[in-house]
Amino acid sequence: MVYRRFLCIKDAVACINDKVDLIAVILNFSLPQTTRGTDYVCKLKIIDESHPEIPVHVFAQEIDHLPFVAAVGDIIHLSRVVMRIHEGDVYAIFNKKFSSFALYDGKDVENFQPYQVLLRYEARKHDAMIIAGLRKWLASSHVIDEPNFSLLEEINEVDLVNLVCKVLHICKTTDDKWMAFIWDGTDAPPISIYKKPEDEEHNPLPLHFKPLPSSGHVLHTFPTVGTILRLIFDVECMPYILQLLKVCQWFKFFCVECKLHEGLWYGVFTSYSKIRDIPNVDILILERQSNYDCRSLGNLDRMPSWSCPWPSKITEVNCSAPFATLMDVLTCQKVRKKFRCVIRFVAVIPWRVEDFRSPDGVYRVKFTLEDPTARIHVYSYAEDGEKFFNGLSTGGLKRKLKELLGVPKSDDDGQEEIEGGARNPPWVQCCLKSHSIKRRRWIFDTKLVG
């Protein structure tokens, strides 16, 4: 087997079964996977000025010996890779016994130190000149097409999405899967609810897709405006991903599946998904951070974006507090605090209006509220309950409760319900008071409008 020192890709594809050295731009790369044996493999696509892209299959005995590519467009120096051909397609094989590599930033014009090397890699004097030429070519060409990125407010169940999000927290779930809490400052779309309101007592809606972090300290670091998406990692190569992911840093996530569980969004990162690091000065980050800064400082901007132009008139409030999100409520550390929220009523216990009062005539009703940031339980109790239910008759209260919970109607006069139809509760204003020690919240200064 002949060993040819540095070759451009155009010349290397003619050297089938020879060892070659290549310096090229990384156009794409896969996450590591296990082979049928005990090795790991990842696949790269590389390109230079001389030739269209070719694949490189990198094999290693340890996952740490694979290239940890920081970003598409970075440069790789491959040493002693073997050129192969299969059914007319030429590719390079990285042999774990004698091949080596070095990874360089594709944009930093002054730094010629690799950010990852394999131990047996040996740099050469003219490498810097070749890398500088590739960086110049890359900056003036359009070989790397950036895909479109969606905001969390644009996700749906049908399409795979590319996201730019900040990683807030990483943990393991109760079923031993890794999960990241990711966020971009926007509000995910509200979801129709198919569970019947009368089923709530025996089969309640969950408050979370997966539990919140057990540490209150972690929860208090979360932003209080914008949806925090739980992202489940359904892949084998978690050691690789865990080395890549950093809390409080932004990343690009490619080909993420968005799914629903009981009206709650979550994401799934599969073997087809990809993750990329992203510099803090990237315009995609700056746009998202600027949007969040505006929302977090403004009063009306803290309202769910889906409630615009204004919430439904089903409720009236008598509270001058600024608008807050349910995450503001959850993370508040004051013993007593009052909030004015725009939320949806998604469940109630008990369901029968006749059971809203205790035997001694006191209102005691538990509601489940949600907004784009959280889902919580609140209570309508005693005098505050009297005010909330506003002296409505039993029949009037039944009709108003169904309207509040978004129970669908089939006819023009709104008397007949659609059996098994999706509930789409309206956005309404509601004032809440909390007690952080008791960990309870109550509705106050709010009334249903008959």
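## Strand E6 and its partners

In strand E6, the residue that bridges to Leu22 is Leu78, in a predicted model. Strands here, like helices, are DSSP runs numbered from the N terminus (strands E, at least two residues; helices H or I, at least four residues). Strand E2 (residues 19-29) and strand E6 (residues 75-86) run antiparallel and are joined by six bridges; two strands count as paired if DSSP finds at least two bridges between them.

E6 is also joined to strand E8 (residues 100-104), again antiparallel, through five bridges, with Ile76 standing opposite Leu103 in E8. Five bridges likewise link E6 to strand E7 (residues 89-94) in an antiparallel arrangement, where Ile85 stands opposite Val90. E6 and E7 form a hairpin with two residues between them, and Glu87 in that turn has a positive phi of about 50°.

## Basis of the model

Residues are numbered from 1 along each chain as its sequence is written, and side-chain values use heavy atoms, with hydrogens and water left out. Because the model is predicted, local features need pLDDT of at least 70 and side-chain atom pairs count only at pLDDT 80 or more, whereas totals for chains, interfaces and linings use all residues.

## Domains and annotation

The domain assignment of the protein chain, whose bounds come from an automatic or database source, gives domain 1 (9-141), domain 2 (160-297) and domain 3 (305-448). The C-alpha centres of domain 1 and domain 3 lie 59 Å apart.

An unreviewed UniProt entry carries the annotation "domain: Telomeric single stranded DNA binding POT1/Cdc13" for residues 6-139; such annotations may be inferred rather than shown by experiment. This span, residues 6-139, is 13% helix and 43% strand, and its end C-alpha atoms lie 23 Å apart.

## The hairpin of E21 and E22

Strand E21 (residues 428-435) pairs with strand E22 (residues 440-443) in the antiparallel sense over four bridges, and Lys433 has Trp442 in E22 as its bridge partner. The two strands, E21 and E22, form a hairpin with four residues between them, and Arg439 in the turn has a positive phi of about 55°.
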